[in-house]
Amino acid sequence: MLKHNLGYPRIGIRRELKKACEAYWAKKIDFSALFEVGKRIREENWKIQEKADLDLIPCNDFSFYDHVLDMSLLLGVISESYLSIPMIHNHIDLYFSMARGFQKNGWDIKAMEMTKWFNTNYHYIVPEFDKNQKFSIFSNKIFDELEESKNILKSIKKIKPVLIGPISYLFLGKEKEKSFHRMDLVENLVPVYINIIQKLKDKGVHWIQLDEPILVLDMSEKEKKVFKYAYREISKFCYGINILLTSYFDGMSENISLFQEETYVQALHIDLVEDSNQLEKILSFFSKESKMILSLGLINGRNIWKNNYANSIQKIEKSIKLIGENRIMIAPNCSLLHVPLDVEYENSIHVDIKNRMSFARQKIDELNDLEKIIKGNKNILLKNSSLLKKSSSIFYDKKIKERATKITKQDTQRNNHFHIRQKKQKKKFHLPLFPTTTIGSFPQTKEIRSFRNKFRKKELSQEKYDEKIKNFIVNVIKKQEEIDLDVLVHGEFERTDMVEYFSDKLKGILSTENGWVQSYGSRCVKPPIIYGDVSRIGNMTVEWICFAQSQTKKLMKGMLTGPVTILQWSFVRDDQPISHTAYQIAWAIREEVLSLEKSGIQIIQIDEPALREGLPLKKKYWKSYFDWSIKAFRLSSSGVKDETQIHTHMCYSEFNDIFEHIAEMDADVITMETSRSKMELLEAFSVFSYPNEIGPGVYDIHSPRIPTVKEILDLIEKASKKISIKNIWVNPDCGLKTRKWKEVLMSLHNMTIAAKRARLKFINSSEKG
């Protein structure tokens, strides 16, 4: 029974990768220093997994920015615009220009589109395909890292290179033009995969992992057809090497028929965390129609709670009984990229909670425990069962639990429909056509982070800390007034992160010290841990927002994070329905909204960027998800008067197919990412008439490049062809926390100029009409 891992976190225990990349971009370190950091992280990861006695250890799961972008570089899927930049002389600078854009010496090339990796908070760089797309081996990264691993690991038999499978890679991309379907490129793509696999085999590799998460989706007939073609060709030419095909994030039993005709691969991995019910159907197939090895994904690679060994052992024993131990592998359900590195670096978590937690390093040890239990060590099983049954008063609050189940229809409805509220709000606010605003956060400099760190270490008094934050707020208000934005924000300087900040102020949620997880590139977050019943202790934002409003005559937005996003971007308790946890958080946010309104704040933004990413991967589960997620948002936002304007924000996900559900949220204004995707989102308005106001993002904040007035104006005009101009807001596509002040000020200046020119143009055209 082989034990293996699908992937390991690549950021380093002290976020060494983040620091090295940002230092390289700032030209503080050179190419060799950056690569040395990457090498050290890889070596450490391999040694940890070898020490944990894994039989197969992933290689090529490391990435300097994104593993999908790595795949594009490997396969030569690179736009000519990046290849033509004369100042780029090596692969890593080419790679970073694709991820971040390039703006220097008269060259101005946008970053590639970025979106969410299935239903996670990880972002990937979207491959872009031409009709006559050519593929070839362009990058040697996978082969170089294989040679590295040979020097670290004791046996090459343990090394398992990891690649995104050909069909999932095509699925994750997009066509540059509409005259073809990207799946039609499979015949050009597969020979390159065969070449890569053969090269790995020639270098002594025994196992290779091909990730095909498309298998858990509602695959079209075309996708099924090209899948069969691809793996028939791969199996034909790649004999002599074992291929492990992985699926994760949901069940794949609906697509198991793809393997009926013939065995394409030597092993198939299934996710029994997200869908344990699929096991029976999969085992039936394996016992009757397949000789493949079955890899059981038993350890949760997306949450931090200890594995329930009794449940896992039951699945292992059932599988062994039906198909034999020699045809079973065990592993986490997905890559451990989505969890922090090591719980032993947490020193301040209550012992009753910490004892139930398991980070990446502990999760690979759990595989050993399962193997030992199968071999007869029942003490490990008894200890695990006893620990998980142990109760503690810190987890439960009867009143909070009851309130989450007693929600009335009135609790989730505004007093009047949007068209009535809109008239009242326009009369009250007197905002111009195409009002400008930002999403909430402004750059968090080293100075700000230093002051927060000193305050956290109690090296700075509350009084001095508050005074410093107020100075930052006053300064950012002045900057916004100089730029002439219409609706201002306070900058969020008191917040480390839009979710972590609220977790520190809510009962039942905690923050970690070192629980970092990669979100994209060098962006790392510390997801809070929801361990018990959630409630609001007191005001969370009111004092800061009211202070900011007192410093300006312009409208100041109150900034909150919505219940679904707090839920999705946290590690959530697994002992009650997720909807109940969402409602508990929603009640807490509702109380804060009402406190802001009572304090005179007239515009309140409740961000829900994670609404789309929480959507189940299979459409048959969508209704159930939207029933509770939209109910949670409306519970948090519906207690206010008609005149109070509720905003929400969403970003970096595909929204075209869920607009009718977004409309059900009934926010007065929604802001969304559209700049990287060139306003493709607006196509949804051709088939769905969105009733409320919307701000399609016109400035890509995940790139350091500065958008021109012309390109922003073009985007506004493009939006105006699909949306009533009285309903359009002008704003960046996300918060500005990670950007530098110089680029932010120039970009926002260009944005306001573009908005003013759009006003003049439309006013003049209406007068002429």
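R421 is buried, and D666 is buried as well, where buried stands for a relative accessible area under 20%, exposed for one over 50%, and partly exposed for values in between (1.4 Å probe, protein chains only). The two residues form a salt bridge in which the closest N and O atoms are 3.1 Å apart, a salt bridge being a side-chain nitrogen of Lys or Arg within 4 Å of a carboxyl oxygen of Asp or Glu. This pair links distant parts of the chain, with R421 in helix α16 (residues 418-429) and D666 in the loop between α24 (659-664) and β24 (669-672), 245 residues apart; helices (H or I, at least four residues) and strands (E, at least two) are DSSP runs, numbered from the N terminus. The structure is a predicted model, in which local features need pLDDT of at least 70 and side-chain atom pairs count only at pLDDT 80 or more, whereas totals for chains, interfaces and linings use all residues. Residues are numbered from 1 along each chain as its sequence is written, and side-chain values use heavy atoms, with hydrogens and water left out.

By the salt-bridge rule, the count comes to 49. Among them is the bridge between D484 and K554, at 2.9 Å from N to O. D484 lies in the loop between α18 (462-483) and β15 (487-488), and K554 in the loop between α20 (542-550) and β20 (555-561), so the bridge ties together parts that are 70 residues apart in sequence. D484 counts as partly exposed because its relative accessibility is 29%, and K554, with a relative accessible area of 23%, is partly exposed too.

Aromatic residues were examined next. A search of the whole structure finds 28 aromatic pairs, for which rings of Phe, Tyr and Trp (its six-membered ring) must have centres within 6.5 Å, planes under 30 degrees apart being stacked, over 60 edge-to-face and the rest tilted. The ring centres of F129 and Y169 are 5.6 Å apart and their planes stand at 75°, so this pair is edge-to-face. F129 in strand β7 (residues 128-129) and Y169 in helix α7 (residues 166-172) are 40 residues apart, and the pair thus links distant parts of the chain. Both F129 and Y169 are buried. The pair of Y625 and W628 is likewise edge-to-face, with 5.2 Å from centre to centre and 80° between the planes, and both of these residues are buried.
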